[in-house]
Amino acid sequence: MTAYEVAIRAEAELGEGPTWDAAAGRLIWIDILQSRVHTYDPSSGRRTVRTAPQHVGAVKPRAGGGLVLNLRDGIGLLDPDDTFRWLHHEPVPGRRANDAAVAPDGSLWAGTMRYDEAPGGGTLARVTGDGGVTTVLPDVAVSNGTGWSPDGRLMYYIDSPTRRVDVFDFDGDRVSGRRPLVEIEEGAGFPDGLTVDADGGVWVALWDGGAVRRYTPGGELDRVISVPTPRTTACAFGGADLTDLYITTARTGLAAPHPLSGSVLVVPGAGKGLAQPAFNG
């Protein structure tokens, strides 16, 4: 059990996707349903917010500057001069973007889901910098946390309604050998976003569980960080030395949200994160 602090007091409807932008020394996070992209510089306290063109599931830094956005209707690019353009445009009625992650080779692994969360209505796709798109998993419900082991040989993945964290063998651009790493017990919430630390531990945010859990590479429960916000959505290591664990939360669907629901929490010195690659597009 480790104490949390409030990094950003906010009322995000569906706060998600914390990502440490090492080049800029800032945290990027989003509010999916309010189509907002937030940044936070912990050294100065400076915050920014911009409105995305539509519901946004994830935002990551690009290697050449700017941002890549996993949007309702496809993958968008925001250039350093704030010019927006589509890298891949593929509207599907009733479907939206959700979580995404950048693989060791700089490709974006972008998830989707249906608004009604229908089984089989979502996908996980690999998007390369030239706009190439390959569907990796075609039949998921709520595509969520994705991450890689420190040596890049394993990929972890969450389809939330399964209550599992699955692990795949990874050869650099393809996955195989899907198997469960962790099964979340009934009543503990649903696995949502995840991050992997420098020792290979897998940190999982629990929606309706009010907690972030760390599992060992072997799938053993190692640590629990409890928070008062029931809808804990995702987590990521940040700060100059990647030792602070940032946790996003949501207030959507709660009849009486906790005062901190929708805020970003932080656990200083929680562990040691992995430097995250930027998107190569």
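The protein chain holds 0 helices and 24 strands, in what is a predicted model.

Me: How does the radius of gyration of the protein chain compare with the globule rule for 281 residues?

Reply: Happy to walk you through that one. The radius of gyration is 17 Å, close to the 19 Å that the rule gives for 281 residues, so the chain is as compact as a globular protein of that length. Along its principal axes, the C-alpha trace spans about 45 × 45 × 40 Å.

Me: What share of the residues counts as buried, and what share of the contacts joins residues 24 or more positions apart?

Reply: Of the 281 residues, 55% count as buried. Residues 24 or more positions apart account for 42% of the contacts with a separation of 6 or more.

Me: Now a single residue. Is Thr 112 buried or exposed?

Reply: The cut-off to keep in mind is that buried means under 20% relative accessible area. Thr 112 has 10% relative accessibility, so Thr 112 counts as buried. Thr 112 sits in strand S11, residues 108–114, and its side chain reaches the backbone nitrogen of Thr 123 at 2.9 Å. Beyond its sequence neighbours up to four places away, Thr 112 touches several residues, including Arg 95, Arg 96, Gly 122, Val 140 and Ser 143.

Me: Where is Leu 254, and which residues does it touch beyond four places in sequence?

Reply: Leu 254 lies in the loop between strand S23 (244–249) and strand S24 (264–267). With 21% relative accessibility, Leu 254 counts as partly exposed. Its contacts beyond four places in sequence are Pro 230, Arg 231 and Ser 261. Leu 254 and Pro 230 are 24 residues apart in sequence, with their C-alpha atoms 9.1 Å apart in space.

Me: What is the phi of Asp 82, and what is the phi of Arg 163?

Reply: The general idea first: most residues other than glycine have a negative phi. Asp 82 has a positive phi, near 75 degrees, and Arg 163 has a positive phi near 65 degrees. Asp 82 is in the loop between strand S8 (74–78) and strand S9 (84–89), while Arg 163 is in the loop between strand S15 (154–159) and strand S16 (164–170).

Me: Which class of accessibility does Asp 82 fall into, and which does Arg 163?

Reply: Asp 82 is partly exposed, at a relative accessible area of 46%, whereas Arg 163 counts as buried at 15% relative accessibility.

Terms used. Residues numbered from 1 in each chain as written. Predicted model: local features only at pLDDT ≥ 70, side-chain atom pairs only at ≥ 80, totals over all residues. Heavy atoms only, no water. Helix = DSSP H or I, 4+ residues; strand = E, 2+ residues; numbered from the N terminus. Rg over C-alpha atoms; globule rule 2.2 N^0.38 Å. Buried < 20%, exposed > 50% of the residue type's maximum accessible area, 1.4 Å probe, protein only. Contact = heavy atoms within 4.5 Å. Polar contact = N/O pair within 3.5 Å; in protein donor to acceptor, adjacent residues only side chain to side chain.
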